[in-house]
Amino acid sequence: MTASTETLQTVRSLSQEGYKYGFITDIEAETAPPGLDEDTIRFISAKKEEPEWLLEWRLAAFRAWREMTEPNWAKLQLAPIDYQAATYYSAPKQNAGPKSLDEVDPELLRTYEKLGIPLREREVLAGVAVDAVFDSISVATTFKEELGKLGIIFCSMGEAVREHPELVRKYLGTVVPQNDNFFAALNSAVFSDGSFAYIPPGVRCPMELSTYFRINAAKTGQFERTLLIADKEAYVSYLEGCTAPQRDENQLHAAVVELIAHEDAQIKYSTVQNWYPGDAQGRGGIYNFVTKRGACRGARSKISWTQVETGSAITWKYPSCVLEGDHSVGEFYSVAITNNRQQADTGTKMIHLGKDTRSTIVSKGISAGRGQNTYRGLVRVQPRAQGARNHTQCDSLLIGDRCGAHTVPYIEVRNPSARVEHEATTSKISEDQLFYCRQRGLSAEDAVSLIVNGFCKEVLKELPMEFAVEAQKLLAVSLEGSVG
Amino acid sequence: MLEINNLHARLTDGREILRGIDLSIKAGEVHAIMGPNGSGKSTLAAVLAGRDGYEVSEGRVTYLGRDLLSMAADERAREGLFLAFQYPVEIPGVNNMYFLRTAINAQRRHRGEPELDAGQFLRIVRAQLKLLDIGEDLLQRAVNVGFSGGEKKRNEVFQMAMLEPRLAILDETDSGLDIDALKMVARGVNQQRAPDRAIVIITHYQRLLDYVEPDRVHVLQGGRIIESGDKGLAIELERRGYGAIEDAA
């Protein structure tokens, strides 16, 4: 069986199981009672049959979290989050989902039709190894055998804890410690599942590895944890996609992603984030508080983040690189769109520790409707980082006159040989551009989407091909209704 | 093809620019509209193409039997009305070729025709480039970004050739061009002459008309057409200036 056929069938059977057969497990046992205390954590850990050390690790995180307060420095306005009202563990169950498409909210169906997700999903997944995470658990991982022949481990985090405890124990929390920040501590305490990948020395991973996250259950937070390790001279490209249904309440998503690149290793991490953004009045939507960080441990290692952030009511996310190894390279390419009442406070941190380390930041923020878009980025050059270089380019595009764009760069240089550049622009889509496109036959919405895609081109070209197509369509859908 | 009756239009600040235009253009014809700066030439082009910022206070325009003024700008374009811009607009990051294919396919969808795939599109592009003597590198660049004045105008004529409009309006496409670029524009227009197509050339100078022979020439002054005639009128204008025509009228 060819690789792509296998993926297609897996995906097909997934959707059939979800709707037709379901997952046969006891309902009470699947969902943790709402609220968060040490018992909740013991429940999750027991559910996942974890070793004692991991339970202790979680509990330490929880105790740290209890002493912490939510960060309030971001330019975000949100209602207080009641952490005791949420549910911290939910696994798919037979009666939870609709039995057929007829039972699905037609508005939701239309949204998906517009996104082209069911079809796109299959196309995107062909030739890509996927770990599908549905609410709290990983439901399937494709191509494991094929990857296994190369010594590549790609599985759910739960499985990694069982099958490769030595690797998990060695690396977990070494890039993002349990007490790193409020949301990372919360994640460390209650993380349910996520993906794990290990690429052995000298191996170039022959296909894209991918995780597809989906929040489905109501009143449930999603707290996945991803850990990727590229050993010496290894290479991996990793994709992450996410969706969530429309709900009137806000749902919390607090993920942690840790990347480790050893000597001469390269990790390319791409995200297309399309969590439900809330409606035009700002009701509902995902609160997306995510900590993503990569450590370039070895000399000449490279970590590249590319993100297209179209969804979520709130986005709080700063994929960062800690450039420890000499000559290591960090990159951050970002497109963030806020429409209607969406708010995004996103950017990166580039921490230069090693000699001759280099970093590149390209951020494109698009604000429409009443959206508020903030780029927040830190470039820090430590005393030992002789010859460090950074170039930052930060462009904002405004559509309409009720939205906002903000740029907050922090630059801290402690080595006189460093060279740090920051460029920023803010522009509006001009009437001339719109008219020119429309005079050639494009509708107003197609014209906006074309202009926006052009604006984002430098970032979109960093995405793997299949993802770039999806991202372009998402940009168009995200901006619907943004022009009269 | 196009019937303009007593067309009055003003800017949003209330200034009246067009003060009763009457014009009738048949399929297969090439009309030249000439006039001094500020006579309303570009406003007429903008109003016909449906640009925002103008208010039609009186009169009507019938295009292919339909009320043109009730159609949105993009609908007019999809119905075959093309405007070559006096100042073509830059769209950073958007490949010129991709832009054109998007436009053509939007129009094809509107007409119920299948979209062109990349291969079909490229074949047509190559044929047109050859006819117009345009380098292929122009297509790989972002729309009008970093183009010289001449390149922008060539690109407009190239788009016109590719979109095969029913009614093409060229708004001062000849202005600021050297003689080679002017000849290229003229060649493009002459190639586009067809029994089912009308072309309106808006120009300040007579020199484009050395290479394109119009069926009718109109003189626009103060928002009205004050004189119409055959090609001889353009030559007379060039010789005697707009003032003389105005005085005579």
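Two strands count as paired if DSSP finds at least two bridges between them; strands (E, at least two residues) and helices (H or I, at least four) are DSSP runs, numbered from the N terminus. The model is predicted, local features need pLDDT of at least 70, side-chain atom pairs count only at pLDDT 80 or more, and totals for chains, interfaces and linings use all residues. Residues are numbered from 1 along each chain as its sequence is written, with chains lettered from A and ligands numbered from 1 in the order in which they are written.

In chain B, strands β3 (residues 30–34) and β10 (residues 198–203) pair in the parallel sense over five bridges. The bridge partner of M34(B) in β10(B) is T203(B). Both strands belong to an open sheet of six strands with mixed pairing, in the order β6-β9-β10-β3-β11-β12 (chain B). The edge strands of chain B, β6 (81–84) and β12 (224–229), each pair on one side only.

Helices α6 (residues 149–163) and α7 (residues 179–192) of chain B pack at about 10°, with axes 10 Å apart; axes are lines fitted to C-alpha atoms, for helices over the stretch in contact, and angles run from 0 to 180 degrees between N-to-C directions. α6(B) and α7(B) are therefore roughly parallel to each other (angles under 35 degrees). Residues in contact (C-beta atoms, placed from the backbone, within 7 Å) include V157(B) and M160(B) of α6(B), and M184(B) and V185(B) of α7(B).

The contact between the chains takes 18 residues from chain A and 20 residues from chain B. On the chain A side, α11(A) gives the most, with seven residues.

How values were computed:
Two residues are in contact if their C-beta atoms, placed from the backbone, lie within 7 Å. Angles under 35 degrees count as roughly parallel, over 145 as roughly antiparallel, 65 to 115 as roughly perpendicular and the rest as oblique.
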